[in-house]
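Please keep the sequence and the 3D view at hand while reading.

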Amino acid sequence: MFGEITIPYESVMLYNIAKLKTGIDFEEVELAIAEMCSLVKETYPDFIAGQVFQYAGFISEEGSVGDHGEEGNHIAIVTYWKSFEAHEKSHRDKPFKEAFSNLMQYCDDTKELGYELLWQGEK
């Protein structure tokens with residue numbers, strides 16, 4: 001559950017920012033996230049790996065250009081898939097829709113962006 005992950009070069013990454021409703025803490029959404037992540041991990045063979053991050057409030061002044069706004073209380077859900085089509089198919093599945101709707105009751109907004117891997121490396 002908390003081990004290292006290996007991402008194959010041929011994968012795609014989906015980056016979902018879920019903004020939490022005012023007054024909602026991560027502890028309140030933790031079970032909904034765990035249930036959704038377990039479902040994905042155990043059900044969809046084209047799922048490779050995933051990560052969940054809680055926004056810590058820091059913004060890199062050295063790595064940012066231009067103005068930034070109030071980022072707000074949010075979590076980032078990062079998932080890796082064999083293909084974008086496999087990701088989309090999983091999200092049309094009724095069990096996933098139910099699990100995702102359980103998480104969305106704690107959120108005001110969510111946006112999921114897809115990326116193709118261009119480079120990766122280790123020290």
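## Helix α3 and its buried side

The buried residues of α3 pack against α1, β3, α2 and β4, where packing rests on contact, meaning heavy atoms within 4.5 Å. Helices (H or I, at least four residues) and strands (E, at least two) are DSSP runs, numbered from the N terminus. The model is a predicted one, in which local features need pLDDT of at least 70 and side-chain atom pairs count only at pLDDT 80 or more, while totals for chains, interfaces and linings use all residues. Residues are numbered from 1 along each chain as its sequence is written, and side-chain values use heavy atoms, with hydrogens and water left out.

In α3, the residues F96, A99 and L103 are buried, a term that stands for under 20% relative accessible area, with exposed meaning over 50% and partly exposed in between (1.4 Å probe, protein chains only). These residues cover an arc of only 70 degrees around the axis, which puts them on the same side of α3; the arc is that of the directions from the helix axis to the C-beta atoms.

## The nonpolar core

The largest nonpolar core has 21 residues, and those with the most contacts inside it are V29, I75, W81 and L103. Such a core is a set of buried Ala, Val, Leu, Ile, Met, Phe, Trp, Tyr and Cys residues joined through side-chain atoms within 4.5 Å. At least two residues of this core come from each of β1 (12–20), α1 (26–43), β3 (74–81) and α3 (94–104), and α1 gives the most, with 6 residues. Not counting residues up to four places away in sequence, L103 touches V29, A32, I33, M36, I75 and I77. In soluble globular proteins, nonpolar side chains tend to be buried together.

## Helix α2 and H87

Helix α2 spans residues 84–92, and A86, H87 and S90 are buried in it. Seen down the axis of α2, its buried residues fall within an arc of 100 degrees, so they line one face of the helix. The face turned away from this buried side carries the exposed residues E85, K89 and R92. On the buried side, the residues of α2 pack against β1, β3, α3 and β4 (107–116).

With a relative accessibility of 1%, H87 counts as buried. Its contacts, leaving aside neighbours within four places in sequence, are L14, T79, W81 and E112.

## The sheet and the helices on it

An open sheet is formed by 4 strands in the order β2-β3-β1-β4, with antiparallel pairing; two strands pair if DSSP finds at least two bridges between them. Because β2 (47–54) and β4 stand at the edges with a single partner strand each, one side of each is left without a neighbour in the sheet. Between β2 and β3, which run antiparallel, there are 7 bridges, and G50 stands opposite T79 in β3.

Helix α2 packs on the sheet, touching β1, β3 and β4, and its direction makes about 120 degrees with that of β3. Helix α3 also packs on the sheet, touching β1, β3 and β4, and its direction makes about 130 degrees with that of β4. Axes are lines fitted to C-alpha atoms, for helices over the stretch in contact, and angles run from 0 to 180 degrees between N-to-C directions.

## Where α2 meets α3

The axes of α2 and α3 come within 5 Å and cross at roughly 75 degrees. That makes α2 roughly perpendicular to α3, a label used for angles of 65 to 115 degrees, whereas under 35 counts as roughly parallel, over 145 as roughly antiparallel and the rest as oblique. In this meeting, S90, H91 and R92 of α2 are in contact with K94, F96 and K97 of α3.
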